[in-house]
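Please keep the model open while reading the points below.

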Amino acid sequence: RLRYIVARWGHHPSILAWELWNEVNLTTGYAGEPVARWHETMSEFLRSIDSYGHLITTSFSNAQLEPSVWRLPHIDFTMTHFYNVSDMAATLLSLDGMKRAAYGMPTFSAEFGVSLDKARLDREGVFLHNGLWAGLFSPGAATPMSWWWNNYLEPNGLFHHFGSLTRFLDHTVSPVFLAEPVQVRARDGGQGNVLISTTLGWGGLPDETDFILHPDGTATVPLEVAAYIMGSVYNTHLRRAPLRFHLEGEAPARFGVLVEDVAGSGAVLQIRIDGQNVLTQSLSRVSFAPGTLIAVDVPEGARLIEVDNTGLDWLRISGYVLEGLASQSRAFGVQGAGDVVVWVQDRNHTYAGVVSGYEPTPIEDAPLRFDDITAGWYDVLWWDTWKGVPIREERIYLEPGTWLDVPPFLRDVAARLRLVSPQPERS
């Protein structure tokens, strides 16, 4: 069959790669070792008969699978599929970063989004928009790819999101490889929620379960965050230590857990603050509404919050919310060959925020600080990411530690900074 496929279609320049299997772990009786052997045999044979030398890859529905396959000599890039996370942008950056760090080869998030019934709650395509723009700042080889072309994007007229990003790159960025991250911070007077999405599906076992929330609103978060918290009776081989959230400085007003599903035999969510139980709530599938936020108040000061499941069976979590910990806006940046590109976003304007009723308000004053920018004069072009048009252009002097004024925006805004005249830093 492979011989026929290569002979029939191998000459087409539009073929990027051969994908040996789509989500092979969903087959009946899946086991990693024989699947790895199969991929080794097939990829070696495919490489020997394809005179055009196309790239070879495969895919899994679980982001943690399968190291033995990704390390095969004829697998050329990794792929990730992820769905139903609360914060598309943060999750994409985390998963792409995890794959690049683990395997040292190009990676694609080749499927992303939410299930179709949930996607229909997001008619404007917020999750799509955020994922696409975050892809520009990810170590991945491309923006993430949606599965729902004909039954979500087309009916809702959402292809303009691709157009806006494409025009931004075509009209504002020189043909350079924007490969290096740039340290950029946003500051404003609003309050934002830190939303930590889960990234590992069933059976995913994270190496770390500690999270650190810093006073400036940033977070040190493990790359792998389990979606399932196992109980004390069933599936205990997948149970891990309680999740620990270390809050430095002033604590947020509230801490919440976004619960998506409960095992049929039930579960018990327990939240402790500084070792003291503040919530113990029994959950059953009969009385449970998916997407429920269960939250507790957190006293001021540095705190340790622990999350556990002391019931019989699993809880499926889509994310954790820390309300009021950060400023309302957050910024992402990359640079290369004198170009700097930034994206400034209302951190509350996520898929989870939209479906829970969040209405974005204009952010009037959210300057950016660059800690590692080359000193000099820059041509700055600001871009309306939703309309796909430029907002304003200006020439300004920047050096490490200076602040760049951001025009008022609703939801998010992007900018290209082009170095036109390098100059020593001012004394």
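The points that follow cover the sheet, the charged residues and the aromatic residues.

1. Basis. The model is predicted, so local features need pLDDT of at least 70 and side-chain atom pairs count only at pLDDT 80 or more, whereas totals for chains, interfaces and linings use all residues. Residues are numbered from 1 along each chain as its sequence is written, and side-chain values use heavy atoms, with hydrogens and water left out.

2. The sheet. Helices (H or I, at least four residues) and strands (E, at least two) are DSSP runs numbered from the N terminus, and two strands pair if DSSP finds at least two bridges between them. An open sheet of 6 strands runs in the order S5-S18-S19-S24-S21-S22, with antiparallel pairing. Strand S5 (180-181) and S22 stand at the edges with a single partner strand each, so one side of each is left without a neighbour in the sheet.

3. Pairings within the sheet. Strand S19 (residues 339-346) is joined to S24 by 7 bridges in the antiparallel sense, and Gln 345 has Asp 412 in S24 as its bridge partner. Strand S21 (residues 376-384) and strand S22 (residues 389-398) are antiparallel over 9 bridges, with Trp 383 opposite Pro 390 in S22. The hairpin of S21 and S22 has 4 residues between the strands, and Gly 388 there takes a positive phi near 75°.

4. Arg 416. This residue belongs to strand S24 (residues 412-422). A salt bridge requires a side-chain nitrogen of Lys or Arg within 4 Å of a carboxyl oxygen of Asp or Glu. The side chain of Arg 416 does reach the backbone oxygen of Asp 379, at 2.9 Å.

5. Salt bridges. The whole structure holds 17 salt bridges. In one of them, Arg 418 meets Asp 339, with the closest N and O atoms 3.0 Å apart; Arg 418 lies in strand S24 and Asp 339 in strand S19, 79 residues apart. Arg 418 is partly exposed at 27% relative accessibility, whereas Asp 339 is buried at 2%. Elsewhere, Asp 210, Arg 244, Arg 272 and Glu 306 are linked in a network of salt bridges.

6. Aromatic pairs. Rings of Phe, Tyr and Trp (its six-membered ring) pair if their centres lie within 6.5 Å; planes under 30 degrees apart count as stacked, over 60 as edge-to-face and the rest as tilted. This rule gives 25 aromatic pairs. Phe 60 and Trp 70 are edge-to-face because their planes stand at 80°, with ring centres 5.6 Å apart. Phe 60 is buried at 1% relative accessible area, and Trp 70 is buried at 0%. One aromatic cluster is formed by Phe 82, Phe 112, Phe 127, Tyr 152 and Tyr 351.

7. Charges over rings. A charge sits over a ring if NZ of Lys or CZ of Arg is within 6 Å of the ring centre and within 35 degrees of the ring normal. Arg 187 lies over the face of Trp 403, 4.0 Å from the ring centre. Arg 411 lies over the face of Trp 386, at 3.8 Å.

Terms used
A polar contact is a pair of N or O atoms within 3.5 Å; within protein, one must be able to donate a hydrogen and the other to accept it, and residues adjacent in sequence count only if both atoms are side-chain atoms. Buried means under 20% relative accessible area, exposed over 50%, partly exposed in between (1.4 Å probe, protein chains only).
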